[in-house]
Amino acid sequence: MAACPILNTGSAAADPSTGFTVSQAIEDVKAQTPIQYRIEARLNENNMTIEGSESITYKNTSKDTLKELVFHTYADANRSKSTQTTMFERSNEEISKDNPDKKPEDFLGGIDIKKVMTDNGALDFSNKNQALTVKLEHPIQPGESVSVQIQFNLKIPYGSQRLSYYKDIINGAHWFPVVSVYDEAKHEWDTKPYSQTFETDYYTSADYEVQFNVPEQYQVMMPGTITKRDDVENGRKVVSAVAQNTREFVFFASPNFKVDSVTRNGLTVEYYYLDNQPGKKKIVDGYIDQAFKAIDFFSDKYGKYPYPEFRVVESYVDGVAIEYSRVIQMGQIGLNSDPGQDTVFIHEIAHQWFHGLIGNNSETESFLDEGFADFSMVYFTEKQGDKLQGFKSIQFDESTEDKAIASTNEEVGDLASPVFYNKGRQAIYQLYRSVGEEQFDTLMKAYFKRYVYQNATIEGLLQTIEDVLGKEARSDMKKALYEPNFVLKPEYQLSNEEKTAYLHDQFHSLYESTLTQVPNLPFETMSRVMLKALQGEPLAIVISDQVSKSANKQQELMVNQLTTLFDLSGVKYDVIRDRQILKKKMKKELATSNVIVIGHAQSNGWVQALKSNIMDRADKIGFQWKKTMNKPSANGAYVIKHPYNQNRLMLHYYWNEDHLSSGALEAYLMKMQESIGFTNAYYQYYVLDKNGKVTRDKKVDNPLSEFFAEE
């Protein structure tokens, strides 16, 4: 697909002599940061390397005299598989299977530092364990500045990483040496390598001027004001960006990106995507509109988004969305995507405030960005009127974690999501409820004003809480963050009735959304029985009577499995065990009810009374009822239209022996549970053998099932 020219309303023209744009001062962005980068880079697309040269001016804002500068070289995490983050390990395994020509070393990369110098000559340096240490010619006193130049070569790994290339997209994070944060209290630089289990995004906001030499057909997305020059050399161009007071600088590049751009009230939102489906632009437009809503909301609640642009890029990183300053990365959206229900999208936008504008050490205090981003996501959805993904989703979680919310990444291990996200947002919600929305918003505006473009700490947050809300609020929040096993105070939890109602609505939403994703899904679908019950249609369970003790015991196990699900999801039902009661209800209550039948066909009063109609309806879905029911070892399930009612369903779980063998029972129960779920295939019928193995079935694949697969 042909490359689309970069559209950026209001961009100044490039200065041919320098290739840089002199960006207009933004009122809400501070004039100058302690660090300025000027980077010139060239992409060698044939071997996926970058030749780069950067000039860094660093101002010593500490009270210490500094004898050296330290830079993160996170690209060196790709030197070996043992140092790469495990976040993308599964994706790379799948990519490797699909690309057998790629060798293990193709999935690796790294950054080679060629030279470090000042105007006076070369400087001594060492690049070890993702930290580049540069010995300065003269120590820099507090308030003084120094400029150094670094020449480097970068190898981009193949596959899926924050820095990687796959198919026609290059993900460009951590691609150049970036100054680490100096800790004045400890009198040391941050030299920790990139986290293998979570994130290490801890930077000082800086000013960037970047020139990127790329093939002419490449579309390049970066933060800031973008311009381009086509007169550099045949077949190539230079894409330039100027980004003031920006936490980090990333790029994404592809010859096949399309760009959708909308400007409102001085803010331009751009969406970079692969136009691989008809009608995709309409979905993209919906996402752009949702981005404006979220940015407006957070600007009003916390502090104004100060930049003239916000950009979204889709990539092949499946199931992982990532935040960067002024930019977020999402997986590819499909035609069934609903921007209004995509809470991950809102979470990543919220990171513009809690990571991009208010920074923090995400290795040691991840709660400050992930907890606040997740709470903000829920805050936004609540105020949009979404009761399922609003505050009730926070109140519903009563799980306890023995890790404190204020734990480090190392202390939390693989529990980052329940601790930093779920419990983190709960602690913030408890504060919100305890002081009220108006006071909470006042606090957040003060927190934003105090730490915008800076790095916050949990102690700094607590001090802000004390300054705005008082010592008691600080004490409560400190307890919530530092003590393990945090749960919401009882007065902020849901009642038992509210929990049941909430789960009912959740199940209803899940079943409805997943079943409607499949075009032309047959009416006779087992999962639809559950959806119809969730919609309020009556439901009855009819079990066989006049059976052996063994058969009765198994039937009750099945009834218990079904009713546990129904009770959990707030579905009302009737269980009929007696044939006389069945006769009384057959043509009245049961004529308008969806019916689940359990047991041997010959011992079930419902089936015997309606056998002829059942056989006819079963034949219409391709289920050979008479032949199957006469096969001694067969067991399974089928769903048909109700014999009395075209708008209702009948689902029969059957077996043809007196009872199932002990070896087959477990498999039968598992298949039974799967058959009415919303995460697997949608069944019309299935037949199992005496060992519980599927011998025949008719189903429609659920395209969303991969999103529910266990890791």
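**Notebook: salt bridges, a sheet and one buried threonine**

I began by counting, and the structure holds 35 salt bridges; a salt bridge here is a side-chain nitrogen of Lys or Arg within 4 Å of a carboxyl oxygen of Asp or Glu. As a reminder to myself, side chains of opposite charge can pair when their charged atoms come close.

I noted what I am looking at: this is a predicted model, where local features need pLDDT of at least 70 and side-chain atom pairs count only at pLDDT 80 or more, while totals for chains, interfaces and linings use all residues. Residues are numbered from 1 along each chain as its sequence is written, and side-chain values use heavy atoms, with hydrogens and water left out.

**Entry 1**

I looked up Asp289 and found its side chain in a salt bridge with that of Arg264, at 3.0 Å from N to O. Asp289 sits in helix H2 (residues 280-301) and Arg264 in strand E19 (residues 257-264), so this pair ties together parts 25 residues apart in sequence. Helices (H or I, at least four residues) and strands (E, at least two) are DSSP runs, numbered from the N terminus.

My cut-offs: buried is under 20% relative accessible area, exposed is over 50%, and partly exposed is in between (1.4 Å probe, protein chains only).

Next I checked Asp467, whose side chain meets that of Arg450 in a salt bridge (3.0 Å, N to O). This pair links distant parts of the chain, with Asp467 in helix H9 (residues 458-469) and Arg450 in helix H8 (residues 437-451), 17 residues apart. Asp467 is partly exposed at 44%, and Arg450 is partly exposed at 39%.

Glu556 is in helix H13 (residues 549-568), while Arg577 is in the loop between strand E25 (574-576) and helix H14 (579-585), 21 residues away. Glu556 is partly exposed at 26%, and Arg577 is partly exposed at 42%. I also found a network: salt bridges that share partners join Lys301, Lys383, Glu437 and Asp441.

**Entry 2: a sheet**

In what order do the strands of the open sheet of 8 strands run? I read E5-E4-E8-E2-E1-E14-E17-E16, with mixed pairing; two strands pair if DSSP finds at least two bridges between them. Strand E5 (121-122) and strand E16 (225-233) stand at the edges with a single partner strand each, so one side of each has no neighbour in the sheet.

Inside the sheet, I followed strand E2 (residues 49-59) to strand E8 (residues 145-155); the two run antiparallel and are joined by 11 bridges. As one example, Glu54 has Ile150 in E8 as its bridge partner.

**Entry 3: Thr73**

Where is Thr73? I found it in the loop between strand E3 (66-72) and helix H1 (89-98). Thr73 counts as buried, at 1% relative accessibility. Apart from neighbours within four places in sequence, Thr73 is in contact (heavy atoms within 4.5 Å) with Ile111, Ile113, Asn127, Gln130, Ala131, Leu132 and Pro177.

**Entry 4: the whole protein**

I finished by stepping back: the secondary structure comes to 18 helices and 30 strands. Buried residues make up 55% of the 711 residues. The C-alpha atoms fill a box of roughly 100 × 65 × 45 Å, taken along the principal axes.
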